[in-house]
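Work through the exercises below with the sequence and the structure at hand. Each task is followed by a solution in steps.

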Amino acid sequence: MAEGTSAIIAASPVTATGGVCAAPFGTTLPTDATTALANTFDKLGYVDDAGTKRTTNATDEKIKAWGGSTVKVVRTEHSVTYTLAFMESLNANLLKRVYGEENVEITPPTASSSGKINIREKGELIPPEVYIVDMKDGAARIREVIPNGQLSVSGDAEFVHSAVIKYNVTIEALIGGIEDDEKVKYIEYIDDGVKAA
């Protein structure tokens, strides 16, 4: 594996519209950073230039003995979230993730009419899914696999002439998405892209 400056990488999406993908909960998970995703994964489209941010929050409590010495540390809270802003307001795959499959009605275009989308916002949680975040830097690849991701939307939707409409989403990485290890919240695969001589 690389060391020094050659081990430093930036994170760009593998493809402009395929950096974040989703599939139904229980879909077979990829096991490396480079194998093509199965057709069950939908590309969710362009993400704004802030990219994707993974945040880990942990709260630990110090247990003290008489006299004030710490004798044990216990973890009382742990969460992993991904935040990003999607930009494709006409992407049916994205809209169904944001509002729920049953709340998005798509009428495809015909020879006599244009395509139409009807959305009914009910404020309900969307069922968890598998989410993938694919990134690259040159030949190097990073793939974040979220086996049980709960997507929620928050923040403002701005409708102005000088900006695109964005969907600010948070994906909570929940446990329970991998049968042989129910405590896993995400898996990160890294491939340096360097082949042996």
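Predicted model: local features only at pLDDT ≥ 70, side-chain atom pairs only at ≥ 80, totals over all residues.

Residues are numbered from 1 along each chain as its sequence is written, and side-chain values use heavy atoms, with hydrogens and water left out.

**Exercise 1.** Find how many salt bridges the rule gives.

Solution. Apply the rule: a side-chain nitrogen of Lys or Arg lies within 4 Å of a carboxyl oxygen of Asp or Glu. The count is eight salt bridges.

**Exercise 2.** Describe the network of salt bridges that contains Arg-97.

Solution. Step 1: Arg-97 pairs with Asp-42, with 2.8 Å between the closest N and O atoms. Arg-97 lies in helix α1 (residues 92–99) and Asp-42 in strand β3 (residues 42–43), so the bridge ties together parts 55 residues apart in sequence. Helices (H or I, at least four residues) and strands (E, at least two) are DSSP runs, numbered from the N terminus.

Step 1: Arg-97 also meets Glu-129, at 2.6 Å from N to O. Glu-129 is in strand β8 (residues 129–137), 32 residues from Arg-97.

**Exercise 3.** Classify Arg-97 and Asp-42 by relative accessible area.

Solution. Buried means under 20% relative accessible area, exposed over 50%, and partly exposed in between (1.4 Å probe, protein chains only). Arg-97, at 7%, is buried. Asp-42, at 22%, is partly exposed.
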